[in-house]
Amino acid sequence: MTRQILIDPVTRIEGHAKISIHLDDDGEVQEARFHVTEFRGFERFCEGRPFWEMPGITARICGICPVSHLLASAKAGDALLAVTIPPAAEKLRRLMNLGQIVQSHALSFFHLSAPDLLLGFESDPAKRNIFGLMAADPTLARAGIRLRQFGQDIIAMLGGSKIHPAWAVPGGVRSAPTAAQRAEIAQRLPEARATVLDALRRFKALLDTYRDEVATFGNFPSLFLGLVGPHGEWEHYDGRLRVVDSGGAIVVDQVEPSRYRDIIAEAVEPWSYLKLPYYRARGYPAGMYRVGPLARLNICTRIGTLLADAELGEMRQRAGGIATSSFYYHYARLVEILAALERISLLLDDPDLDSPRLRAEAGVNQFEGIGVSEAPRGTLFHHYTVDAHGLIRSVNLIIATGHNNLAMNRTIAQIARHYVKGNRLSEGALNRVEAGIRAYDPCLSCSTHAAGTMPIVVTLVAADGTVLDEVRR
Amino acid sequence: MAARTFTINDQLISAREGETILQAAREHGIFIPTLCYLDGVSAVGACRLCLVEIEGSRMLRPACVTPVVEEMVVRTDTERLREYRRMIIELLFAERNHICAVCVANGHCELQDLAIAVGMDHVRFDYAFPRCDVDISHPLFGIDHNRCVLCTRCVRVCDEVEGVHTWDVAGRGADARVITDMRQPWGEARTCTSCGKCVLACPTGAIFRRGATVGEMERDRNKIAYIVAAREQRW
């Protein structure tokens, strides 16, 4: 008889999900599934809305990364207007996205994952959280919280509020910060930089301790996808798509984001609301790819700023080239915070930001618009079609957590095979499975925006592993 | 013109003959909530938010269309009135699809202000979730029926101030909709002069400038009264 082990709910991720681990007759892990049990419906209820409203509506998909949706949606709007937005608007959008990367990565590392990494996977679960971290290392916890606040304050400076600013609009942005506001942000940069450099130092020191986790937390070959600049440099807002394999070979490069459907297809499974995108040319599920901080650092030729490039060099050296273990997502996140801080520093001094031209005016010039940008968790696609007046006809959103779906399932199976022995789940094993998922920093509220009804299986499992009840709908 | 003396909430009020209770109350700084009422156009008493109690009358009276009477005793803020007003606002929210957070009028909306004023922290009725159209066929403006409260300000301002009567109301009950011309898309309504007075008058985000995004529909609704006063050379 096959047995099932259920982890429900998965904690310290953004959203709700459960994991089921299926054992075979010999008690060996057969497969593992990451069930996303949320349902949103954005793609459906946005139909019929004027596209100008889409950034404001889709930003509501998520409270952690509203900026990512705001920007991808505004870019899809730019495409419908068929305009090139004013330089100041593009730079301000970039600035907000960098603030978003800082705050979201800081949240993932310090608030959600640091308790595992710094307190240990076997530590008391009641204390293995941000509060436990505050008690154990108040200086680090405070610095991490302040780093996130710094990113949030950049968003608030530009958009007027930290969460859900309706600031980026089709054609540009609505307002620019004053020189005094920019100066206020600039003088807080050294503290932020010191925090991330300290975190990097601590993380690197831990890598040897966690050799087992590095080897088993989603350590497998896969493709990596993301945006890069014209010369293959790290990108977060614009650029073109590049896919790299785990050997570092470029599979496809400089693909116009609007042609994403040429390289990406989506599969649906009955056990999750989350779709499973794959690299079209390799088929399903062999076309598994990863996105996000790890992918962005794996695909780029260089980052383009001094400190971040030095850290990238060291990371590649430690990983032996392309980092194939998802444990390195944490590492990549810290390097990206550093990169973002360096770019923020450059942008704050940019004279273009003083331009009063912030918004291009135009009517509906295209009936189809695709906006792509790099969200903290990976490449985000907003794809709209509109009627002649600008009312939305169809919406397709592909979200970072979705891209990583196949890889997350593979990661859970790998961790389970290594740590789950027999019928019993030790606290450390349970938490490692969760932490494996957490390495991707999945955002399920974002990724289950799709319409349609899919069956979901709810399984009730006793402590001894016996399936007590199973409900299908 | 004869003066009329009466009380509102035990306060002695002096008003001109022919004035309404609402006008007299406003002149004396007494707040009575309104939604369909708009300075500069005729009052229709449609929204019922300005209902007041008058001693000796079992019926509640809309302050915007009830003239003052000598020695009348008016109450504007009783428990019963507060309950009715909150219920009216809740029903308005339940009747269409009002999503403040992503609305073009967020922060500049009379319905939203009223909900706050009457203390509406939730809606006790089931939402109707009607399927409503959005018409942005006009080159400058748009109408989103999801956000319309059928106050008819657009109808009155178009008829009485602009004098073209592009707007009217069609259908009955829950099916009632404001329409342009003979229910053509606004962009095909030949009578519309694109003057924008309906955009100025709308209390919610129902009528908006095309291209407006969240919270961008700020408007000066007093301009309608200003235009009327200027035309009649009353100032």
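In helix H6 of chain A, the buried residues (20 or more other C-beta atoms within 10 Å of their own, with C-beta atoms placed from the backbone) are A:Ala141, A:Gly144, A:Leu147, A:Arg148, A:Phe150, A:Gly151, A:Gln152, A:Ile154, A:Ile155, A:Leu158 and A:Gly159. This is a predicted model, in which local features need pLDDT of at least 70, side-chain atom pairs count only at pLDDT 80 or more, and totals for chains, interfaces and linings use all residues. Residues are numbered from 1 along each chain as its sequence is written, while chains are lettered from A and ligands numbered from 1 in the order in which they are written.

Helices (H or I, at least four residues) and strands (E, at least two) are DSSP runs, numbered from the N terminus. Among the elements covering the buried residues of H6(A) are H3, H4 and H13 of chain A. Just after the helix, A:Gly160 has a positive phi of about 90 degrees.

Now to chain B and strand E7 (residues 141-144). B:Phe141 and B:Ile143 point one way, B:Gly142 and B:Asp144 the other, and all are buried.

| Partner strand | Residues | Sense and bridges |
|---|---|---|
| E6(B) | 134-135 | antiparallel, two bridges |
| E10(B) | 207-209 | antiparallel, three bridges |

A hairpin through five residues joins E6(B) to E7(B). B:Val134 has B:Asp144 as its bridge partner, and B:Ile143 has B:Ile207.

Conventions. Buried ≥ 20, exposed ≤ 12 C-beta atoms within 10 Å, placed from the backbone. Contact = placed C-beta atoms within 7 Å. Pairing = 2+ DSSP bridges.
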